[in-house]
Each structure stands twice: as structure tokens, then as C-alpha cells.
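Colleague: Could you walk me through one part of this model up close? I'd like to hear about the charged side chains on one helix, and how they pair up.

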Amino acid sequence: MSEQLKFIVEQLNREPFKKNFNLITFDSLEPMQLLQTLNDVFAEIDSKQEIDIREEMPEQTAKRMFTLLGLLKYKPTGGFSDTSSFRQGLVTGSKPVIHPILHWLLQRVPELKKRAYLARFLVKLDVPGEFLTDDVISETYHQYEELVEGFKSYHKECEQLRNSGFSTAEIRRDIAAMEEEKDQLIKRVERLRKRVESVSNHQRMLELARQLRVEKEREESLAHQKQEQKNQLFQAEQRLQRCQIQLKDLRQAAADAKPESLVKRLEEEIKFNSYMVSDKLPKELERMRHKVHYLQKVASEPAMGHAELAELEDKIKQLNQMNQVMEKKVSRSDPMDDNLALYRQQASIIARKKEAKAEELQGAREELAGLTRELSAKSNQARGQGGVEIIRADEFKRYVAKMRGKNITYKKKRQETAELKAEFGILQRTEEILRQRHATELQQLQTLEAQRGISGFSETQEELERVSAIKSELDELKGRTLDDMSEMVKKLNSAIAEKKSALSPIIKELRPLRQQCQELAEEYEEKKAQYDTCAAGLESNRSKLEQEVRALREEIAQEENRYHHINCMREVIEIQMQRAADEMKVYVSSDPQTRKKSIREQYMKNIAEQESLGKKLREQQKQVKESHGPNMRQVRMWKDLEQLLECKKQCYLRAQSQASIGQVIQDSGEDRLIL
């Protein structure tokens with residue numbers, strides 16, 4: 001309480017109050033003086049409250065202060081929850097009532113000034129419903145509401161302009177620069193016009209240039225329309241292709257599917273959809289409704305200041321502490337909850353896992369749908385480019401099995417080919433070495449023949465040997481018999497047997513190596529399959545992590561946008577407060593010309609004019625009501641007179657018609673007609 005009094009005294013001793021109080025003098029103030037001090041603070045917030053409460057009735061003072069406190073959104077603190085006791089304390093100048101009000105007002109004077117200023121124009125007048133039945137009053141009230149809405153829009157525009165950072169000096173500089181550019185353009189146009197006027201037939205050329213520009217604009221518009229029509233046609237073709245693919249897939253699924261698999265899939269879909277409809281979606285909907293209701297409640301409440309936010313935070317902390325204490329008491333008092341806590345925790349974990357799996361299933365279905373659309377698009381693209389038709393899953397499996405068999409055969413053939421190539425390389429290398437040796441020996445032989453003086457002997461001998469060999473061959477061919485051929489066969493068989501015997505240990509060594517190679521190949525295939533599976537799992541995890549990172553980045557971007565938006569709103573509010581303070585300065589200014597420029601004075605002038613007009617109209621209405629009865633009687637008398645004159649007219653016309661037929665003579669009560 002002492003801190004509250006210190007704060008009140010410090011604020012009252014500052015500008016603009018300058019009360020020169022201390023704690024003793026302030027605490028010893030009489031109730032009337034305390035009320036006058038409170039009224040001075042009200043006058044600083046709203047200049048209309050600047051009056052001497054000694055010249056005012058206590059009821060009027062209480063009503064006026066109550067009205068202003070209601071506009072300022074003041075909530076009584078302490079034990080004054082009842083309105084009558086709070087009113088009584090305010091009328092009597094009770095310190096427990098006045099001191100909290102002063103403390104609350106002096107904490108937020110600029111904010112309350114703005115609120116009071118806006119309340120003058122935004123708080124609507126209470127007009128009884130029976131008066132609104134009058135057309136003039138209703139129209140005036142509608143005009144008043146339109147003026148209030150206009151004030152709101154003007155006030156917002158003014159705040160936005162203040163927050164936008166534009167200044168009149170910059171705008172004037174921009175206008176001056178634009179005026180200079182305009183003058184320069186006018187001068188350039190004049191120079192070009194003078195230059196063109198010297199050219200013969202320039203009007204015709206200008207007309208043609210104008211027509212060319214119009215045609216170019218028309219060409220651009222037609223090209224734009226053509227492009228839009230092409231896009232629409234392409235989208236329609238894509239929709240048609242998707243529909244055709246969906247129809248084909250449905251037909252294939254209906255043709256290939258079995259009743260058991262269809263029923264099982266439908267049961268799974270029904271279970272999933274029933275879970276989504278009965279459990280997950282209602283919870284999400286209820287959560288969103290609560291969130292929307294809470295946001296609507298927050299949006300409907302008036303703007304709170306820093307002090308009110310601090311009070312709410314303190315209340316939240318206190319409630320959290322109380323909640324923790326109550327939870328501890330309940331956990332200590334009920335030992336059965338400890339046994340059930342494990343089961344509750346397990347149930348909550350299972351429920352969360354179930355929701356997570358449902359979300360994963362939903363995401364997998366969406367991903368499957370996206371992949372199906374992508375596959376259909378790729379197949380359409382391949383079919384449009386002349387490619388083959390995409391085969392189905394079972395056909396692809398058979399094709400893969402067939403290709404695996406062919407791959408095994410291909411590997412065997414490739415191995416045999418590699419062995420033959422290796423053997424061929426060895427033989428080719430041997431032949432090359434023998435040729436090199438033969439060439440070397442020939443060179444040595446020719447060198448020896450040259451040294452001995454018998455050059456060409458070897459060549460001659462070779463020629464003779466060749467000729468003799470040819471002759472012998474011819475002789476052998478002539479004298480060859482079946483025995484020679486059988487002997488040759490035996491030799492070949494023996495040679496083959498020798499080769500087999502020589503290769504048999506190598507083949508024996510090769511067989512386990514082949515078996516080991518086959519086992520290694522199978523192990524390689526298994527490891528490769530495991531690797532592919534692991535790689536697919538890692539790829540899926542990586543994609544999930546990328547999605548999470550993308551979602552977090554989007555959340556960061558949203559939070560940054562929200563942060564910038566809040567900063568902008570804070571700046572807007574500060575500028576609005578500054579504008580309200582400027583408007584208040586203009587309003588409380590001692591210069592009458594300056595005060596006339598304020599928006600409040602203009603609206604008060606309009607309201608006074610409308611009130612005077614309403615007063616005149618009410619006087620006219622009163623006069624009309626007072627003269628209504630005599631006027632109505634006079635109208636009835638005029639109508640009776642009109643009927644009487646009409647009757648006399650009819651009688652007169654009837655008498656004239658009878659006089660034209662004959663003459664009626666009355667004598668001693670008898671009527672006689674003479675023709």
C-alpha cells in the first residue's frame with residue numbers, strides 16, 4: 001500500500017498536475033479534496049471532466065465518474081465486487097476506493113487519453129426505439145452511424161499514414177520532381193512536333209503510326225488469348241488422359257483382383273475410415289473449434305496494456321502453482337493412482353502411436369496417389385513420344401525372372417568367352433615370340449653365309465626343301481592308305497588323352513573354385529538385396545527428414561513473418577498513440593483556431609447542427625399534432641359543404657330538365673302540367 005501511495009504522490013507532483021504533495025499531506029486529504037484530485041486526473045485524460053465538483057451534485061459526480069471509468073475499462077479491485085458499495089465509496093470519497101483508481105489511472109495516462117478520445121466518437125448514442133420509428137430521426141441516426149464508421153476508417157488511414165514513414169517534405173520533393181519531368185516531356189514533345197511538321201504528309205504518317213500501335217496492341221491481346229486457349233486445351237487433354245488412365249486401372253484392377261483380396265482391402269479401408277471419422281477427425285475438429293472460440297474471444301476483448309498483461313501473467317503463474325500443489329496432494333492422497341498411472345501412460349502412448357500410424361498411413365496414401373498420378377503422367381508422356389506401353393506388376397515379375405535366367409546364362413557364356421580370349425592371347429603371344437626367334441635365326445644364318453661366301457645357300461636349300469616337301473607330300477597323298485589315316489587318328493586320340501590327363505588336375509582344382517564362385521555370387525546377390533533394402537529404408541528416412549526439415553523451415557518462416565507482423569503492429573500502435581496525443585494537443589490547445597481544426601470539434605459542430613435541426617423538426621411535429629383535430633374537423637365540414645353543393649347542383653339540373661318539357665302549376669295543393 002505504501003508503494004502505491006508513493007507512486008501516486010510522485011505522479012501527482014510531476015507535470016501536468018504539480019500538486020506538491022507528500023505522503024502525509026496526501027493521506028490527510030479530506031474526501032472532497034480527494035475527489036477533486038481524482039477529477040483533476042480525469043480532466044487530464046478527458047478535458048470535458050474539467051469542472052469543480054463543489055458546483056455539482058454528488059449523484060451527477062458519481063454518474064459522470066462511473067461513465068468515464070466504464071469507458072476506460074476500469075475493473076474495481078479489492079473487496080468492492082458489489083457495484084452499490086463501490087458507488088457509495090466513490091460518492092463519499094473513500095480512500096480504499098479512490099487510491100486504487102488513482103494508481104490505475106496514473107499508470108496508463110497516455111493510453112487512457114487515446115481511449116477517452118476515441119470513446120467520444122465511437123460510443124454510440126442511446127436512442128429509444130420508439131423515436132427511431134420516425135423517418136427523420138431514423139435517417140439522422142443512420143447518418144450518425146455512417147459518420148462513426150467514416151471516423152473509424154479515417155482514423156485507421158491516418159494511423160497507417162503515420163506508420164508508413166512518409167513525410168510531407170518527401171512528397172513535395174517527389175511532386176516537384178514529377179513536375180520537372182512533366183515539363184521536360186512537354187518540351188520534348190514540342191520539339192518532336194516541330195521536327196515532324198517540317199516533313200511532308202506528316203499527318204498521314206502519324207495516323208499510320210497510330211493505327212500500327214493499335215494493331216500491335218490488338219495482336220498482343222490476340223496472342224494472349226491464343227496462349228490462354230492453348231493452356232486450357234492442354235489442361236483439358238491432361239484431365240482426359242488422367243480419366244482414361246483411371247478407367248483403365250480400374251478395369252485392370254477389377255479383372256485381376258480376387259474377391260477375397262477385394263473384401264480384405266475394403267475391410268481395411270472401412271476400419272481406417274471409421275477410425276478417422278469416429279476418433280481422429282472429431283478430436284481434431286473439437287480442438288480446432290476450441291482454438292477458434294478462444295481466438296474469437298481474444299479478438300472480441302478490448303486491447304490490453306502492459307500492466308493488464310502483467311496482471312494476467314501473475315494470475316497464470318499463481319494458478320499453475322496452485323494446480324501443481326493440488327496434483328501433489330491428489331497423488332499423495334490416492335495410492336491407487338500410482339498403480340493406474342502406468343496403465344494410463346501406456347494407454348496414452350498407444351493412443352499417440354495409433355494417431356501417428358494413422359497420420360503415416362494417410363501420408364503414405366497421399367504419396368501413393370501422387371506417385372500414381374506421376375506414373376500415369378510418365379506413361380502418357382512415353383506413349384505420346386512413341387514408347388511402349390507400361391506393363392503390369394505380374395508381367396513385370398515374370399519378365400524379371402526371365403531376365404535373371406538369361407543373366408545367369410550370359411554370365412556363364414561371358415566367363416567361357418573370357419577364358420577363350422585369355423588362351424587366344426597366350427597363343428598369339430607365343431606365335432609372336434617364335435616369329436621373333438625365327439627372324440633372329442635367319443639374320444644370324446644370313447650373316448654366317450655372307451662370312452663363308454655362300455650367300456643364298458639357305459634360301460636355295462629352303463626352296464629345295466620346299467619343293468621336296470611338296471613332292472613328298474604329293475607322294476604321300478598318292479600313297480596314303482587307310483592305315484595311315486587310322487594311325488593319324490590314334491595319334492590324335494593319344495594326343496587328346498595326353499591333353500586330358502594334363503588338364504584333369506587343373507579341372508579338379510577348377511571345380512571347387514567354380515562352386516566357390518557360385519556361392520560367392522549367391523552371397524553377393526543376397527548382400528546386394530540387403531543393401532538395396534537398406535538403401536531404400538535410408539532413402540525413405542532421408543525423405544521423411546527432408547519433409548520435417550521443410551516443415552520446420554516453413555514454420556520458421558511463418559514465425560518470422562509473425563514476428564515482423566507483430567513488430568509492424570507495435571509500430572502502428574505507437575504511431576496511433578502518437579497521433580491520438582497530437583489530436584489531444586490540438587484539442588486542448590488555447591488557440592481557438594487550432595482547436596477548430598480538431599476532428600472532435602468538427603463532429604461536435606455537426607452534432608450541434610443536427611440537434612438544432614431535430615429541435616426545429618420536433619417543434620413542427622408538435623404544431624402539427626396540436627392543429628391536427630381542428631384541421632380534421634374543418635376537412636369534414638368542407639367535405640359536407642361539397643356534398644351539399646353537389647346536391648344543389650343535381651337539383652338545379654333536374655329542375656332545368658323539367659322546365660324544358662312543360663310548366664307545372666300548383667293550385668290548392670294540386671299540381672297540373674300544361675303543355
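Modeller: Let's start with Arg-542, which counts as partly exposed because its relative accessibility is 39% (buried is under 20% relative accessible area, exposed is over 50%, and partly exposed is in between, with a 1.4 Å probe and protein chains only). Keep in mind that this is a predicted model: local features need pLDDT of at least 70, side-chain atom pairs count only at pLDDT 80 or more, and totals for chains, interfaces and linings use all residues. Residues are numbered from 1 along each chain as its sequence is written, and side-chain values use heavy atoms, leaving out hydrogens and water.

Now for the partner: Arg-542 makes a salt bridge with Glu-546, with 2.3 Å between the closest N and O atoms (that term means a side-chain nitrogen of Lys or Arg within 4 Å of a carboxyl oxygen of Asp or Glu). The two sit about one helical turn apart, because 4 residues separate them in helix H17, residues 482–587 (helices are DSSP runs of H or I, at least four residues, numbered from the N terminus). Glu-546 is partly exposed too, at 35% relative accessibility.

Arg-570 comes out partly exposed at 42% relative accessibility, and Glu-574 is partly exposed with a relative accessible area of 42%. For context, searching the whole structure turns up 12 salt bridges.
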